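Visitor: Before we start, please show me the sequence and the structure. I will then ask how the terms are applied.

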Amino acid sequence: MSTLIADARRAVGWSMRDLAEHLDVNVSSVSRMEASECDGTIGVGTLNRALEVMEFNLRLASRAP
């Protein structure tokens, strides 16, 4: 579904390895993070952390029914 992390990573010119180094995780963790975002199972905190190290801000909004 969503590809915010991968899109942000490409926008700043980072590889998965670059993001992994900034998050202090291994490359396979970044791969799993991006995959979990695509399948809708990523946690908001994880998404926010990944975006913050690339200097993006996550903003959430809700809509009334």
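**Terms and values**

Guide: Leaving aside residues up to four places away in sequence, E34 touches I5, A6, R9 and M16; contact means heavy atoms within 4.5 Å. This is a predicted model, where local features need pLDDT of at least 70, side-chain atom pairs count only at pLDDT 80 or more, and totals for chains, interfaces and linings use all residues. Residues are numbered from 1 along each chain as its sequence is written, and side-chain values use heavy atoms, with hydrogens and water left out.

Visitor: Why is E34 called buried?

Guide: Buried means under 20% relative accessible area, exposed over 50%, and partly exposed in between (1.4 Å probe, protein chains only). E34 has 9%, so it is buried.

Visitor: What makes the pair E34 and R9 a polar contact?

Guide: A polar contact is a pair of N or O atoms within 3.5 Å; within protein, one must be able to donate a hydrogen and the other to accept it, and residues adjacent in sequence count only if both atoms are side-chain atoms. The side chains of E34 and R9 are joined at 2.7 Å. A polar contact of 2.7 Å also joins the side chains of S28 and N26.

Visitor: Which helix holds E34?

Guide: E34 lies in helix α3, residues 27–38; helices are DSSP runs of H or I, at least four residues, numbered from the N terminus. S28 lies in helix α3.

Note on methods. Helices (H or I, at least four residues) and strands (E, at least two) are DSSP runs, numbered from the N terminus.
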